[in-house]
Amino acid sequence: MVENIDKLTNICSQVRRDIVRMVHGAQSGHPGGSLGCVEYFVSLYFSIMKHDKNFKMDGLNEDLFFLSNGHISPVLYSVLARSGYFHVNELKSFRQINSRLQGHPTTHEKLPGIRIASGSLGQGLSVALGSALSKKLNNDKNIIYCLCGDGELQEGQIWEALMYAGSKKVDNIILTIDVNKQQICGSTDDILSLGNLKEKFCAFNWEVFEVNNGNNITDVLSALKRSKKSLHKGYPICILLNTEMGYGVDYMMGSHKWHGIAPNDEQLEIALQQLSETLGDY
Amino acid sequence: MELKDTRSGFGAGLLELGKTNPNVVGLCADLTGSLKMDAFEKEFPNRFFQVGIAEANMMGIAAGMTIGGKIPFTGTFANFSTGRVYDQIRQSIAYSNKNVKICASHAGLTLGEDGATHQILEDIGLMKMLPGMTVINTCDYNQTKNATIAIANHIGPVYLRFGRPKVPNFTDSEKSFEIGKAIPITQGNDVSIFSTGHTVWEALEATNILKEQGIECELINIATIKPLDQKTILESIKKTKCIVTTEEHQILGGLGCSIAQLVAKNQPTPIEFVGVDDSFGESGKPTELMQKYKIDKISIINAVKRVLKKKI
C-alpha cells in the first residue's frame, strides 16, 4: 500500500509510458481514455484496494475492480503488470496474435486480474452489482469498485443497473464515472448530452462525490478515501471524476481525436519525452 | 395421462435445489408467477432477486454473482431470455464463461394467445451458436424438474428452454437427467424420429398411429441440443437409414439443422424437418397453432411418409 504521493506520481508516469508504447506497438488501441484515468487506476491498485496479486476468480475476502469501458484496457493491463499480476514484459504482446492481452479485456485467455470480459459497453456495472450481491450473501465486507466512461452512460443497461442499485440499496459498491466529456465522434454534449449527471445519480438514490481534477492524484486519493467512509449506509456510491482525455501527452489532450488511434514513431518519441521513465520500460 | 406444465417442473426443481444447494440463487424479471419461482422466493427470500423489467441488467447481475461462487438461475420468457439480451449473454456470460443458468419459459408457439411478439422461435439457434453454451429443451414436467436439478451440477453456462401449456407428463420422474444424453423412447427399424421439447409427445402419438399402419419408428428424445449425443443418433440411423426431426422452433437454426450437419458429415441420410418454416407465429390456442404451423402429430406422420419414400 503506497501512501507517498511522489512514489504514486512516479508510477503514474511509468504507466503513461506503458500506455503509449503499447498502443504504438500494436498500432491500434485507445490511448486517450487510458491516459485520462491513470491517477484513478494507480490510486486504486497501489493505495486504496485490498487485493491479491495471486489471482483467484472468486475474489473472496478482497476488494474487486470491474472495468466496464473495456477499450481503456492499456491502463488496466499496465497497472495489473506493475502491481505484480503478471510480468511487465507481457505488455509487449498487447493486441498481438496468441496474446492474453486482448484488445478488450477478457477472462477467456485467463489473464490474472480480469474477472469479466468488457468491450461492448454498458454491461460492467450490472456485473459489478452482481458481485456486490454475492459479497453480501457471503458476508464478505470487502468493496466492489467499478469504472464506466461518461459516453458509456448513453447505454440503456446502465440506467437499469443504476435504478437497481439505488432501489435495492446495494451499498458496498463505489462506481466511478470517467467524465472526460469526449466520445469517438466528438464531445458528449454534441453527440448525446448527458445533462446534469449529479442530479441524475441523486435522483436514482446514489450518494455522489465529485472530483474536479481527476488527474490530481491527491484529489483522487482523498475522494476515494472519503467515499469509502460512506459505504454500508444504504446508498450506492458514485464518484464523478472529471478527467482530461489524453492527459500527460500534450498533443493528445483537449479533444476526442486520440480516443482510438495510435501514435506513429515520431509522435511516440514526442510523447515519451514528456513522460519520465521511473520504473523501467518493459 | 396427467397434464402438467413444464414451467412448474422448473419451479419444483428450483425449490428442491434451494433446499439442497445453498449457492443456488434465483433472479427474475417481473415474471415470478409465470416462471413458477414463487415457492423459491417464499422459501428463500434472501436468495431471490427481483430485478424488475430489466433483463439486460439481470443477465449482468447473474454473471457477477458467479464471482463468489453463487449459481444464478435467471427466469423470464424465452424471448426476453435470449433475443433481448443476446449481447449481454454473449459477452458477460458465454465469452466470460460464467456459471449462469438461463431458464426460459413460454418458448415457441404454445405460448398461445399473446402472439408472435412473445413466441420466440429462434432462441435455440441463437443459444447453440454461442461457444461453450449448453442448450436443453425439455418435453414435460418431470424432465424439466430433473433437468433443472441436473444443470446446477454442471459448471458453465446453460440455456434451459421450456414452455407454458399443460402437456402430458409421461417421462419417468425417478430418472435423473443426464446432460448430453439422448433418451430413446421407442425402438424401431423403419425411421428415426429425433424430437425435442413439446413435440416429443406429438411424435410419440404419431409413432403409435404409424405402428398400427405397420411403420416402426425409433423415437429418440433429444433434450440436450448442444452438445448433441452424436453416438446415439448415428447408431440409430445406421439401422433405420432415414430421419425425421421435430421441434417447436424455426427449422433454420434449430435441432434439425444440428442433426442434418452431423449426418451430412458422417453418414448422409434422407431427412425431413418438422418445425416452423421461416415464419412468425400468431395468436391462437396452442393446439390450433401446432396444427396450423405443421408441428403436430399429423405433420409428423406426413413427414415420416415423405422420408420413407426417399429411403434407399
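How many salt bridges link domain 1 of chain B and domain 2 of chain B? The count is zero.

**View 1. Chain B and its two domains.** Chain B of this predicted model is divided into domain 1 (3–168) and domain 2 (183–307). The centres of the two domains, taken over C-alpha atoms, are 25 Å apart. The average pLDDT of chain B is 98, and 100% of its residues score at least 70. For the model, ipTM is 0.97 and pTM is 0.97.

**View 2. The boundary between domain 1 and domain 2 of chain B.** Here 34 residues of domain 1 are in contact with 33 residues of domain 2. The buried area is about 2,400 Å². Carbon and sulfur atoms give 58% of that area. On the domain 1 side, L109(B), L121(B) and K128(B) lose the most area to domain 2. Together they account for 26% of what that side buries.

**View 3. Polar contacts and elements at the domain boundary of chain B.** Salt bridges number zero. Three elements of chain B each give two or more residues to the domain 1 side: α6 (123–128), β6 (134–137) and β8 (166–168). By class, this side has 14 nonpolar, 13 polar and seven charged residues.

**View 4. The interface of chain B and chain A.** In this view, 26 residues of chain B are in contact with 30 residues of chain A. About 2,200 Å² is buried between the chains. Carbon and sulfur atoms supply 54% of it. Which three residues of chain B supply more of its buried area than any other three? They are I67(B), Q91(B) and Y95(B), with 29% of the area that chain B buries against chain A.

**View 5. Polar contacts and elements on the chain B side.** Across the interface with chain A, 20 residue pairs are in polar contact, with both residues at pLDDT 80 or more. The salt-bridge count between the two chains is zero. The elements of chain B that give two or more residues to this side are β3 (48–50), α3 (55–65) and α5 (86–95). α3(B) gives the most, with eight residues. The side of chain B that touches chain A has ten nonpolar, twelve polar and four charged residues.

Note on methods
Residues numbered from 1 in each chain as written. Chains lettered and ligands numbered in written order. Predicted model: local features only at pLDDT ≥ 70, side-chain atom pairs only at ≥ 80, totals over all residues. Heavy atoms only, no water. Contact = heavy atoms within 4.5 Å. Buried area = accessible area lost by both parts, 1.4 Å probe. Salt bridge = Lys/Arg side-chain N within 4 Å of Asp/Glu carboxyl O. Polar contact = N/O pair within 3.5 Å; in protein donor to acceptor, adjacent residues only side chain to side chain. Helix = DSSP H or I, 4+ residues; strand = E, 2+ residues; numbered from the N terminus. Nonpolar A, V, L, I, M, F, W, Y, C, P; charged D, E, K, R; others polar. pLDDT = per-residue confidence, 0-100. Domains from an automatic or database assignment.
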